[in-house]
Amino acid sequence: MKIKVILAFTVMLICMIANAQQITISGKFADTFTEVPLPQVKVSIESYFTEVFSDSNGEFHLELGKIGHGEHILKIDKPGYLLKRIPVTLLTEKKNLGTILLQPDPAFEQNQQATISLSDADILSEEGEFDNISGILQSSRDVFLNAAAFDFSQTFFRPRGLGSEYGKLLINGLEMNKFYDGRPQWSSWGGLNDMQRNQVFINGISANDYQFGGLGGTTNILMRASKYQKGGRISLAGSNRSYTGRLMATYASGEENNGWYYAVSLGRRFAEEAYMDGTVYDANSFFISAEKKLSDRQSLNFSGFYTPNIRGRSAAMTEEVLELKERTYNPYWGDQDGEIRNSRIREIKEPVLMLNHLWTISDKASLNTNISYQLGETANSRIDYGGTTLETVNGQNFYYGGGANPDPVYYQKLPSYFLRFEDNQNFEAAFRAQKEIDKNGQLDWNALYDANLTASENAQNTIYSLAEDVNRDIQLSANSILSVQLNKNLKLNSSIRYSRLNSENFARIKDLLGGSQYLDIDVFVQDEIGAIPGQAAQSDLQHPNRLISENEHYKYDYDILAEEAEVFSQMQWTTRKREIYLAGNLESVNYQRNGNYQNGVFPDNSLGESEVARFLNFGIKSGTVYKISGRQNVELNAGYFTKAPGYRNAFVNPRQNNLMVTDLSEERIKTGDISYRYRSSFINFRLTGYFTEISNITEVSYYYADGLSGLERENTTAFIQEILSGMEKRYYGIEIGAESQLTSTIKIKSALALGEYIHANNPNLSLSSAGFDESLDYGKAYLKNYRLPGGPQTAAQLGFEYRDPDYWWFGTTLNYFSNAFIDINPLTRTRNFQTDYDGLPLIEYDRKIATELLKQEKFDDYFLVNAVGGKSWRLKDKYLGTFISINNIFNVLYKSGGYEQGRNANYRSLKEDMDREFPHFAPKYWYGQGTTFFANVYLRF
């Protein structure tokens, strides 16, 4: 009997072992139409940790640990192709699936829309807090994140309320975020859409194979020659958004006989005038990559790209200006000799060179080492109307001249200005002002040239000039990323990285507008310092009263040295039911200013090197995924880490001095999220709740203020630097995304974001200025519970998509936006608001009226309807496709953002202004685009 039991047990054990053995699945991927092998296709078994990518020949070998026999779901994922889920029955140790054909996803062309939105945000971010994180999201197949990238982004919606400085953008494993403000500069690689299709996206603080990552997620764009499928692509696009036309051509060789790969791309985007009036667009794109397969385990890749671009900028406007003009109005441009000329041009020329070494040390370990070199400059132009002439009388220097503000909608040129006194309204002048703006209303270039000509004829210097603020950067970055599979359940990722930036920052004269020379002084600062008259006005005391010509530096000139070094390590433990990761990092960041000019206001603290601003960041994060079944799981992430501010918020006013923000230190971030996911062939659903608290934030702002107390003078105006320190922000809410495949051709989808993003404390506010000797400390700015700006905090979508078997498709979405708020002026929320210039309380101050004046404006809710559709054809071994999208079909007028002007700093001046029908310094707004389209036709071969 005992022998029978032992034999039965032995047979059972053998069967169990046979049912859970090492199994290898292999196959090859190819394009349905062109039959070209597809590299970089991700293959995995659902509910298992192991995943592999197909090689340059489209082949893959997925080795699974001890996995039970029976039916499993093979998941096949490649950007630009329809997601595929194939049931496979595993009965033997080796299973070859042969050639698997993948069908291109025409809807993937929507990423062109996201790229355009990013470009708009790049421009607006100079004037306000409108940056866009959608580029970090566009590689995701998540329903909610797709809505955020393609439909919500036109409103400058921020997922979880976060700006792009809290996301990380990598190219070939190297971080591209700028030291200046922590944001990626999308324009530096714009127009290379075809070369950016291979992307890896990590949502939030989830496990990251490359580095610690960012709060808002991490995207790694793979731009290696071996990662592109063999063949070419030509596309032609038209639009009325950021540009009117685009041409692109790309080609990838695949593997040559000698182990070489190469890929090239050329592109051009252009517009004489885009959606906003006077916004020229002129951009070219060049990309080349070559990779050599050194052996079966090593390869060396070179990638270089250069995307020089020129863009005309547009301005926010008050409601008075909107009523006089239209939403597309832009005061920055004017007609010159029959051509559009914009005074606010942003020009970026920053080539990037990369070298990547990939070494598969063994079947269990790999090492990826990368180095990049980025150089070039970014220039932003503006009209300088402070040109003066020096006159010496009895040994004393005097400056005279200077021009009027040429802005055609400057507040003194608007009709409301002539109606500002109730008892003395000048209706005739107001009518003439209205007619002038109606008829012209644009920058008068001829008047600027005439003024300079008259000055020259009277032996005076140039009054008006076109100047540029320039950042000329050289950045070297390097990293090394190690990945080790310690055993079947345990994986180690570690990396080290280093970046060094040398940034030259200066102003230069681009065009003297018919003049011959410009006197390099600050006409707005002519106070005497000590016994030296006129010293304060000097930009550089080493060269006083210098006369400059075109292309010479003036006003300010300084360098920034920035360094960053990070070590990172992460462990991932995975079983069939659970995934757990634990990661940590240590990072050092240093900034130092070196002044090349000795400023007249700060003669002892502007020339030479500043102190070094040092930051030591650290972080720890952990998360788990519990797989309830093959279709549903629960995911939890939590982290605590610190983040150094960008150097724009480290120095008080680097254009004039070496002063650093007092008690400057790292931001502290606490965050957590929990998600429930359900996936089946019928429905895909995700529900996420999140909470983030960011404390110890420092922000530096620059503007002109009137009504300052504590100056011990009756003149209460100054151009100021406002320093907010110790600020705390809180973000919490839920995200829901769902899609259902009702039939083989019809799919519905929905997304919902409910968030609340608020100021969580009352930070300290201080002011610095060249207009007064000592900084002003106004104590607390009472911001607690005010809403944060930056797009709607509530967004919802309901969408429909039809995909015909005959390769045409159509989709439409209804999008709802709510709870968007204006960016408040912190200075009016300090004690200065109720204090007179002499430091005494304002007699007329009324708390009830003050509360109403300081109430934060909430923008109106609105709906936007978008539509998209396309068609594709097979032409023998080629693939022809077309795609068109239409946004805001019903031409809804809505505010996408805005800010309170800082001019009225106290109760008296603000109340007096707001009592007018059209206040002189009313809030300014950005208005969303009306009905716009993007159409694209492309040929793959």
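**Contacts set against their definitions**

Author: In this structure, 50 salt bridges are found. The model is predicted, so local features require pLDDT of at least 70 and side-chain atom pairs pLDDT 80 or more, while totals for chains, interfaces and linings use all residues. Residue numbers start from 1 along each chain as its sequence is written, and side-chain values rest on heavy atoms, with hydrogens and water left out.

Reader: How do you know whether Glu175 and Lys168 are buried or exposed?

Author: Buried stands for under 20% relative accessible area, exposed for over 50%, and partly exposed for what lies in between (1.4 Å probe, protein chains only). Glu175 has 12% and is therefore buried; Lys168, at 16%, is buried as well.

Reader: What accessibility do Asp877 and Lys878 have?

Author: Their side chains meet in a salt bridge at 3.3 Å, N to O. Asp877 has 44% relative accessibility and therefore counts as partly exposed; Lys878, at 34%, also counts as partly exposed.

Reader: Why is the aromatic pair of Phe618 and Tyr640 called tilted?

Author: Rings of Phe, Tyr and Trp (its six-membered ring) pair if their centres lie within 6.5 Å; planes under 30 degrees apart are stacked, over 60 edge-to-face, and the rest tilted. By this rule there are 34 aromatic pairs. Phe618 and Tyr640 have 6.0 Å centre to centre and 45° between the planes, so the pair falls in the tilted class. Phe618 is in strand E32 (residues 613-627) and Tyr640 in strand E33 (residues 632-643), so parts 22 residues apart in sequence are tied together. Phe618 is partly exposed at 40%, and Tyr640 is partly exposed at 30%.

Reader: What makes the pair of Phe833 and Tyr845 edge-to-face?

Author: The planes of Phe833 and Tyr845 stand at 85° and the centres are 6.4 Å apart, so the pair is edge-to-face. Both residues lie in the loop between strand E41 (808-818) and helix H8 (847-853), 12 residues apart. Phe833, at 2% relative accessibility, is buried, whereas Tyr845, at 23%, is partly exposed.

Reader: How far from the ring centre of Tyr417 is Arg420, which lies over its face?

Author: Arg420 is 3.8 Å from that ring centre. A charge sits over a ring if NZ of Lys or CZ of Arg is within 6 Å of the ring centre and within 35 degrees of the ring normal. Lys621 lies likewise over the face of Phe212, at 4.8 Å from the ring centre.

Reader: What makes helix H4 mostly covered?

Author: In H4 (residues 143-150), seven of the eight residues are buried, among them Val143, Phe144 and Phe150.

Methods:
Helices (H or I, at least four residues) and strands (E, at least two) are DSSP runs, numbered from the N terminus. A salt bridge is a side-chain nitrogen of Lys or Arg within 4 Å of a carboxyl oxygen of Asp or Glu.
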